[in-house]
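My entries follow in the order I made them.

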Amino acid sequence: IKFVNGLTGEVLKESQVAYGDTPSEPALPTDTNAWTPAIVIVTGDKTYVAKYLPYPDDLSAFYFSKSSKKYSVNIAYAQTSSQMIIPFEYDGLQVNQIYGTSTSKSYLSNITELYIPETITTIKDTGPLCGFSSLTEMHIPSSVTIFDGKSLFRGCTKLKHFSAPGMTKISNPSSSSSGWWYGCSNLETVTLGSEEHPFTTWTEY
């Protein structure tokens, strides 16, 4: 397991860690505030990079759920700013999942910019990123390798371009209202890894 300063390229720590154990990170270097991606139990070789990630001024739009020394975040409430920054940490622990419990999120219609941090690895459950009806582009960081749930991006009616460089294959579970892309009537392209696909409703890539 390797820890690297993303600003300088310096290797700060490199060690053997047993499978199933969680690696112990070194102190964050000056001018950085997060290890990316989120630190998880060891399943193979991995490199963590120290970076500076933006953080929201106001957390009132978010509901946090704690599990296994990590937090999941639900975008549960409205905010006045048109720029939404998903927090990378809460109460001293990393946020590594975005989840949802509803497909009715019209309160997000004012959001024109969405930033998702590189600590996020999973987007799941019901409507975690639905209701962003003013977004024209959605960029999922390469740290995200799991989409799991229904209506994930439902109702993003102005969305034209979607990219998820950490994914190589994604699908729509169905063409019903629970489909991942339901209501994304203007979606033109879906980029997975480095490959761009023309979007065809209810298809699998």
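**Largest pocket.** I began with the lining of the largest pocket: 25 residues, with Ile39, Ser68, Lys69, Lys70 and Gln94 nearest its centre. I worked on a predicted model, where local features need pLDDT of at least 70, side-chain atom pairs count only at pLDDT 80 or more, and totals for chains, interfaces and linings use all residues. Residues are numbered from 1 along each chain as its sequence is written, and side-chain values use heavy atoms, with hydrogens and water left out.

I noted the pocket rule: on a 1 Å grid over the protein atoms alone, a pocket is an open set of points where a 1.4 Å probe fits, with protein on both sides within 12 Å along at least five of seven lines; lining residues have an atom within 4 Å of a point. The space in the largest pocket comes to about 560 Å³. Such a volume is the space filled by probe spheres set on the points, which are joined across faces, edges and corners.

E3, E5, E6 and E9 each give two or more residues to this lining. E9 has the largest share, 4 residues. Strands (E) are DSSP runs of at least two residues, numbered from the N terminus. By class I read 10 nonpolar, 10 polar and 5 charged residues. Here Ala, Val, Leu, Ile, Met, Phe, Trp, Tyr, Cys and Pro count as nonpolar, Asp, Glu, Lys and Arg as charged, and the others, Gly among them, as polar.

**Lys70.** I then turned to Lys70, which sits in strand E6. Is Lys70 buried or exposed? Lys70 counts as buried because its relative accessible area is 15%; the cut-offs are under 20% for buried, over 50% for exposed and partly exposed in between (1.4 Å probe, protein chains only). Beyond four places in sequence, Lys70 touches Ala38, Ile39, Ser65, Leu93, Gln94 and Asn96, contact meaning heavy atoms within 4.5 Å. A polar atom of the Lys70 side chain lies 2.6 Å from the backbone oxygen of Ile39.

**Second pocket.** The second largest pocket has a volume of about 220 Å³. Its lining includes Ile1, Lys2, Glu14, Val42 and Lys46. The classes here are 4 nonpolar, 4 polar and 4 charged.

**Cores.** I next checked the largest nonpolar core, which has 38 residues; Leu129, Phe147 and Phe162 have the most contacts inside it. A nonpolar core is a set of buried Ala, Val, Leu, Ile, Met, Phe, Trp, Tyr and Cys residues joined through side-chain atoms within 4.5 Å. Among the elements giving two or more residues to this core are strands E5 (62-67), E6 (70-75) and E9 (93-101). E6 gives the most, 3 residues. A second, separate core of 7 residues includes Trp35, Val42, Tyr48 and Ala50.

Last, I looked at the loop between strand E2 (11-14) and strand E3 (34-36), where I found Thr32. Thr32 counts as buried because its relative accessibility is 11%. The Thr32 side chain has a polar atom 2.7 Å from the backbone oxygen of Pro29. Leaving aside neighbours within four places, Thr32 contacts Asn5, Leu7, Ala50, Lys51 and Tyr52.

Asn33 lies in the loop between E2 and E3. At 22% relative accessibility, Asn33 is partly exposed. A polar atom of the Asn33 side chain lies 2.8 Å from the backbone nitrogen of Leu53. With neighbours within four places set aside, the contacts of Asn33 are Leu28, Lys51, Tyr52, Leu53 and Phe88.

Definitions and conventions:
A polar contact is a pair of N or O atoms within 3.5 Å; within protein, one must be able to donate a hydrogen and the other to accept it, and residues adjacent in sequence count only if both atoms are side-chain atoms.
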